Amino acid sequence: MTIPDHISIDLLSDTCFSRGESTPGAVDVEIEQDELGLPCLSGKTLRGLLRDAWLSMAKCFGELQEAGFRVWGPIGDLEEASILRFGDAQADASVRAWVSWAEGRTHAPILPQAVLEALTDVRCQTSEERTTGAPAETTLRSMRVALRNLKLCAPLTWIEQPTQQDLRCLALSVLGTRHAGLGRNRGRGFVRLLLDGDSDLTTSLARGDHS
């Protein structure tokens, strides 16, 4: 039985992984980023997205209720009883190594801000007056978004050996997660998640027929 050790995240549209703060003079909503200036997604946020996906479908898979408790833990769990841990979703190791070298070189080093601006863009939006259809005053907001086609990878750590049911629960959650980031409930942040970056492996585990 193949036990996946990471989740790949492909951004199919521009996505804002908001870190809950602004950059004065630049954007009202800043994106999550690592020390190199590369967009990223925290493991805690990723786990929350996948757990929400599972909770939305759990009633349809009664035979996986026990696996759901093992993989995601009980509701309101404060003791981290689940057997699965998520690392931060970051750019590929080779990309990080190249960027780290470029930022650390003595001749014309690249700044982390330049890296961030190369992989992101700024989107502006405003509300409109219902009566006139004109932009409402004081509602203009800007947010930084990671550009589509960016690929991230989040490592998985199993505290215990997972069963086939555990892996099926995880695979279903992965396939059920289609949106991430700010505004995901409004259709923004379209993403594709796969176990080990392998579509066949993910669907096979979701069907429960992988050995």
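Residues are numbered from 1 along each chain as its sequence is written, and side-chain values use heavy atoms, with hydrogens and water left out. As the model is predicted, local features need pLDDT of at least 70 and side-chain atom pairs count only at pLDDT 80 or more, whereas totals for chains, interfaces and linings use all residues.

Helices (H or I, at least four residues) and strands (E, at least two) are DSSP runs, numbered from the N terminus. Four strands form an open sheet in the order E2-E5-E1-E6, with antiparallel pairing; two strands are taken to pair if DSSP finds at least two bridges between them. Strand E2 (84-86) and strand E6 (191-195) are the edge strands, each pairing on one side only. On average, neighbouring strands of this sheet are turned by 25° against each other, direction ignored; axes are lines fitted to C-alpha atoms, for helices over the stretch in contact, and angles run from 0 to 180 degrees between N-to-C directions.

Strand E1 (residues 6-11) is joined by five bridges to the antiparallel strand E5 (residues 151-158), and Ser8 stands opposite Cys153 in E5. Five bridges also join E1 to E6, again in antiparallel fashion, with Leu11 opposite Val191 in E6. Five of the six residues of E1 are buried, so that this strand is mostly covered; buried means under 20% relative accessible area, exposed over 50%, and partly exposed in between (1.4 Å probe, protein chains only). Helix H1 (residues 43-57) lies across E1, E2, E5 and E6 and runs at about 125° to E2.

A nonpolar core is defined as a set of buried Ala, Val, Leu, Ile, Met, Phe, Trp, Tyr and Cys residues joined through side-chain atoms within 4.5 Å. The largest such core has 41 residues, and those with the most contacts inside it are Ile7, Ile9, Trp54, Phe86 and Leu170. At least two residues of this core are supplied by each of E1, H1, helix H2 (65-72), E2, E5, helix H5 (164-176), E6 and helix H6 (199-207). H5 gives the largest share, six residues. Leaving aside neighbours within four places in sequence, Leu170 is in contact (heavy atoms within 4.5 Å) with Trp72, Leu84, Phe86, Leu156, Trp158 and Leu195. A second, separate core has five residues, including Leu36, Ala91, Val99 and Val115.

With a disulfide defined as a pair of cysteine sulfur atoms within 2.5 Å, the count comes to zero. Cys40 is in no disulfide, the nearest cysteine sulfur, that of Cys16, being 12 Å away. Cys40 counts as buried because its relative accessibility is 8%. The closest cysteine sulfur to that of Cys124 is in Cys16, at 12 Å, and is therefore too far for a bond. Cys124 counts as exposed because its relative accessibility is 57%.

Thr120 is found in strand E3 (residues 120-125) and counts as buried because its relative accessibility is 7%. Its side chain reaches the backbone oxygen of Leu116 at 2.6 Å, and a polar contact of 3.4 Å joins the side chains of Thr120 and Arg144. A polar contact is a pair of N or O atoms within 3.5 Å; within protein, one must be able to donate a hydrogen and the other to accept it, and residues adjacent in sequence count only if both atoms are side-chain atoms. Not counting residues up to four places away in sequence, Thr120 touches Pro39, Arg144, Val145, Ala146 and Leu147.
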